[in-house]
Amino acid sequence: MDVMPKWAEVVLVPLISLLLAAVISALVILAIGEDPIAAASLMVEGAVGSVRGWGYTLYYATNFIFTGLAVAVAFHARLFNIGGEGQAMLGGLGVALALLYVPWPHWTIGLIAATGMAAAFGALWALIPAYLQAKRGSHIVITTIMFNFIASALLIWMLNEFLKPVGSQDPASARFATHLDLPTLNGWLASMGIKASKDDSVNVTFLVALACAVGVWVLMWKTRLGYEIRAFGHSESAAKYAGINPVKITVVAMLISGGLAGLMGINTVMGEAERLVLNSTEGAGFIGIAVALMGRSHPLGVVIAAILFGFLYQGGAELALWTSIPRELIVVIQALVILFTGALDNMVRMPLERMFLASKRRREAAKPERKPVEPAE
Amino acid sequence: MDYLTLIQLLDSTVRLATPLLLACLAGLFSERAGIFDIGLEGKMLAAAFFSAAVAALSGNVWVGLLAGIGASMVLSAVHGLASITFRGNQLISGVAINFLAAGMTVLIAQDWFRQGGRTPSLSGGARFDSITLPGADAIADTPFIGPLYAELISGHSILVYMALAAVPLTWWLLFRTRFGLRLRAVGENPAAVDTAGVSVVALRYAAVAICGLLCGIAGAYLSTALQAGFVKDMSAGRGFIALAALIFSKWRPWHALYACLLFGLFGALETRPDVIEAVTTLKVNSALLGALPYVMTVIILAGFIGKAIPPRAGGEPYVKER
């Protein structure tokens, strides 16, 4: 695929896809009788126009960095991990178990324990589908979908039977000890003397997410394991010939993927809710798919796409608050991004490739010494 | 558990199995032709909304059904465009369709009806009523046969009987006609079909269109027969249970019927915990019972109880020039 220059591959194709998604989103807003430009400016205002807006934009972005990296790592091994949602739920469960039953002396130690448990639980939830794919050939997409539903049932059951405080009707765990609350951007700004809102939005987990992005970059492009994962993704038969064990790569890539998705639990459960509630994942596992596609499975791209989706999420919430446009607009935009950057990728790519090919031919035709002999008709 | 409770339980089994069966047969056509479809859920949801909305506006449920089928087939066309014409990733396309339906239905419902993403409740001619089969009232009091006929066999909406009729029809179409043979061949070895001079693209589009048709009926059943009106996310994972049933049945029509009835029974039991307790003397958590179809599918996929082998060319876009 050397038809297109690298910049076109990395920047132009996703940009055109995004533009198509944006145009159709605007048409949708027009169709329901609202003004797309007014809606867009309201979203910008709500998402990045205030400290509170930024707080939530980055809070959501934190979730999407984790789930986006999770999908991206699996993509590199040509595995489609659609189970980020379930893995994140289990990660949240791990966080809750770590924080409810052990009296950690300080939030830093609590955070380390929660990180370990979240990653372990998420990875564990990805292990069975990975093993079944590698050893028994069961399709990982189907098994991970099934595991999402099983995770949701498991969580309802755990909350109702074990974690719910005695006498409570609400299916949620008890609140964690207050000294385990994670430091938030708002708290930090307040201590600096800047007036900020009091809600628990973006917290120290954002830095953990950025560290994970760097970690994934190092892993994928600077280590032997990352090379093996990418080689396996490009060609399974070539990887096998080079002595790469497909079972090992499938399982390891999925464990890393599941662990990353599970880490989202620190942000939602320890950082924001400060207890385990039902549906704390709010579909972030699925947004990870859009984020990874848009970010071309590169950690830098994932971080940028995650912040964009954080902006959309927070902006969409504001939009629902002030206009009659429901929050589901974000789901539509998300769907369009997945459709154009993922499924209809070739629709954008094919005409572009033809264009670049034509211009390349013209340039070559301009050089007389390179001109091939015209075949006789 | 007495006889009447059993009849009631089986009755709701049939009701809950119907949308699963229609969606499962829809997936069967698509996947037998080599097009994976995890967008069954989204197509059902879109059809559920449009059939309820148009039925509410027109007052005629048949017009609603057509609108539902139309909406579902539009999404099918998108899936076909992405996975057949542009040779994109069929799974990613399915995911996009699910989200598109989840978002658009609420957005349009809010715009049209302003009732928080639902349609007005349907009544009268805007809903599929249950049909009383001839003689059901006459023999209702006969012991044993009476309740069986009057409660279980009679008294469903026309869509239930259509779904049941679709099973032999699907079997006949796939295994006894030329079209069916070609459709199955295109899912196993598209190059061979192409060599024989039959269009792979046309066959696959036909399969995807049939899939849209059946998903449309399934969605319409949800909002105009099973319930009276559309509510947000009302498909509630049924498209994925249908997918599970499809794997469970190993892509065969009659087995799809049995799998859907089994999963329908789980659904019926979920709403009757008292029955489970009475029979098994165990307190079974309804959430865990709801997860049973998924667990069973994973076990089947793992190949511990007979191996589920999908059509060989499933998920692969067909490229003519090699």
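Helices (H or I, at least four residues) and strands (E, at least two) are taken as DSSP runs and numbered from the N terminus. The structure is a predicted model, in which local features need pLDDT of at least 70 and side-chain atom pairs count only at pLDDT 80 or more, while totals for chains, interfaces and linings use all residues. Residues are numbered from 1 along each chain as its sequence is written, chains are lettered from A and ligands numbered from 1 in the order in which they are written, and side-chain values use heavy atoms, with hydrogens and water left out.

Chain A is divided into domain 1 (1-34 + 324-352) and domain 2 (59-323), the bounds coming from an automatic or database domain assignment. The C-alpha centres of these two domains of chain A lie 25 Å apart. Contact, defined as heavy atoms within 4.5 Å, involves 19 residues of domain 1 of chain A and 15 residues of domain 2 of chain A. Between them the two domains bury about 1500 Å², 69% of it on carbon and sulfur atoms; buried area is the accessible area (1.4 Å probe) that two parts lose on being put together, summed over both. On the side of domain 1 of chain A, the residues that lose the most area to domain 2 are A:R327, A:I330 and A:Q334, which together account for 39% of what that side buries.

The count between domain 1 and domain 2 of chain A is 1 salt bridge, a term for a side-chain nitrogen of Lys or Arg within 4 Å of a carboxyl oxygen of Asp or Glu. Helices α1 (6-31), α14 (329-343) and α15 (345-366) of chain A each supply at least two residues of the side of domain 1 that touches domain 2. The largest share of that side, 8 residues, comes from α14(A).

A:R296 lies in the loop between α12 (284-294) and α13 (299-322) of chain A. Although A:R296 is not a glycine, it has a positive phi of about 50 degrees. A:R296 counts as partly exposed because its relative accessibility is 28%, where buried means under 20% relative accessible area, exposed over 50%, and partly exposed in between (1.4 Å probe, protein chains only). A:R296 forms a salt bridge with A:D345, with the closest N and O atoms 3.5 Å apart.

Over all chains, the count comes to 14 salt bridges. One of them joins A:R349 to A:E9, with 2.8 Å between the closest N and O atoms. A:R349 lies in helix α15 of chain A and A:E9 in helix α1 of chain A, so this pair ties together parts that are 340 residues apart in sequence. A:R349 is buried at 11% relative accessibility, whereas A:E9 is partly exposed at 26%. Within helix α10 (residues 236-241) of chain A, A:E236 and A:K240 are 4 residues apart and therefore separated by about one helical turn. Through salt bridges that share partners, A:E9, A:R296, A:D345 and A:R349 are joined into one network.

The largest nonpolar core has 205 residues, and those with the most contacts inside it are A:F64, A:F80, A:F309 and B:I38. Such a core is a set of buried Ala, Val, Leu, Ile, Met, Phe, Trp, Tyr and Cys residues joined through side-chain atoms within 4.5 Å. Helix α3 (residues 51-76) of chain A provides its largest share, 14 residues. Not counting residues up to four places away in sequence, A:F64 touches several residues, among them A:L69, A:I287, A:F309 and A:Y313.

Contact between the chains takes 43 residues from chain B and 42 residues from chain A. Chain B and chain A bury about 3700 Å² between them, 81% of it on carbon and sulfur atoms. In chain B, the residues losing the most area to chain A are B:F86, B:F99 and B:L107, together 18% of what that side buries. The count between the two chains is 1 salt bridge. A:E328 and B:K232 form a salt bridge, their closest N and O atoms being 2.8 Å apart. The largest share of the side of chain B that touches chain A, 14 residues, comes from α4(B).

B:R87 is found in the loop between α3 (61-85) and α4 (90-113) of chain B. B:R87 has a positive phi of about 50 degrees although it is not a glycine, and B:R87 is partly exposed, with a relative accessible area of 30%.
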